[in-house]
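The following paragraphs lead the reader through one structure. Please keep the sequence and the model in view while reading.

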Amino acid sequence: MFKRAMWPTWLAIGAAAIMYFTGLGWYPLFDRDEGEYAGAVAAMHREGDYVVPRLKNTKTYYLEKPILLFWMVAASEWAFGVNEFAIRFPSALCAMVLLVLLAWMLLTLTKDARLTFIGVG
């Protein structure tokens with residue numbers, strides 16, 4: 001999988017990583033969903049309930065997303081501190097994992113590095 005013909009694909013994935021991760025913490029939370037995810041994780045920390053996410057101080061459950069998303073944001077906040085970068089990092093990481101898995105799947109199915117680059121790039 002690390003053949004010479006795969007270099008363009010790995011460069012495209014590297015360029016995507018630079019675009020995904022650069023500037024994650026440079027601007028404040030501006031989307032309603034970002035604020036709700038951050039608020040639900042803050043409530044999880046405050047109340048010690050890491051099973052059922054809630055919105056703010058209310059008893060309203062926030063069940064629109066799988067719990068793994070909130071756990072990933074909580075772990076990211078533990079690792080990087082409570083900031084915009086930590087809140088956005090799990091989404092960027094999942095996008096990168098998806099690109100790598102797509103490259104692996106395309107290379108496995110087609111056995112063609114050029115088609116893999118077209119599919120990933």
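Arg32, Asp33 and Glu36 are linked in a network of salt bridges, a salt bridge being a side-chain nitrogen of Lys or Arg within 4 Å of a carboxyl oxygen of Asp or Glu. The model is predicted, so local features need pLDDT of at least 70 and side-chain atom pairs count only at pLDDT 80 or more, while totals for chains, interfaces and linings use all residues. Residues are numbered from 1 along each chain as its sequence is written, and side-chain values use heavy atoms, with hydrogens and water left out.

An α-helix has 3.6 residues a turn, so residues three or four places apart point the same way. Helices (H or I, at least four residues) and strands (E, at least two) are DSSP runs, numbered from the N terminus.

Buried means under 20% relative accessible area, exposed over 50%, and partly exposed in between (1.4 Å probe, protein chains only). Arg32 is exposed at 55%, Asp33 is partly exposed at 27%, and Glu36 is buried at 16%.

By the rule stated above, the count comes to five salt bridges. One of these joins Arg88 to Glu34, with the closest N and O atoms 2.8 Å apart. This pair links distant parts of the chain, since Arg88 belongs to helix H4 and Glu34 to helix H2, 54 residues apart. Both Arg88 and Glu34 are buried.

Which helices do the buried residues of H2 pack against? They pack against H3 and H4, where contact means heavy atoms within 4.5 Å. The buried residues of H2 include Glu34, Glu36, Tyr37, Gly39 and Met44. The 16 residues of H2 should span 22 Å at 1.5 Å a residue, and its end C-alpha atoms are 22 Å apart, which agrees; the expected span is 1.5 Å times one less than the number of residues.

The largest nonpolar core has ten residues, among them Tyr37, Val41, Tyr62, Phe70 and Ile87. A nonpolar core is a set of buried Ala, Val, Leu, Ile, Met, Phe, Trp, Tyr and Cys residues joined through side-chain atoms within 4.5 Å. Helix H2 (32-47) and helix H3 (67-80) are the elements that give two or more residues to this core, and H2 gives the most, with five. Leaving aside neighbours within four places in sequence, Tyr37 is in contact with Tyr62, Lys65, Leu69 and Phe70. A second, separate core of seven residues includes Met96, Leu99, Ala103 and Val120.

Ser76 lies in helix H3 and is buried, with a relative accessible area of 4%. Not counting residues up to four places away in sequence, Ser76 touches Gly81, Ala86, Phe89 and Pro90.

Leu101 has its place in helix H4 (residues 84-110). With a relative accessible area of 49%, Leu101 is partly exposed.
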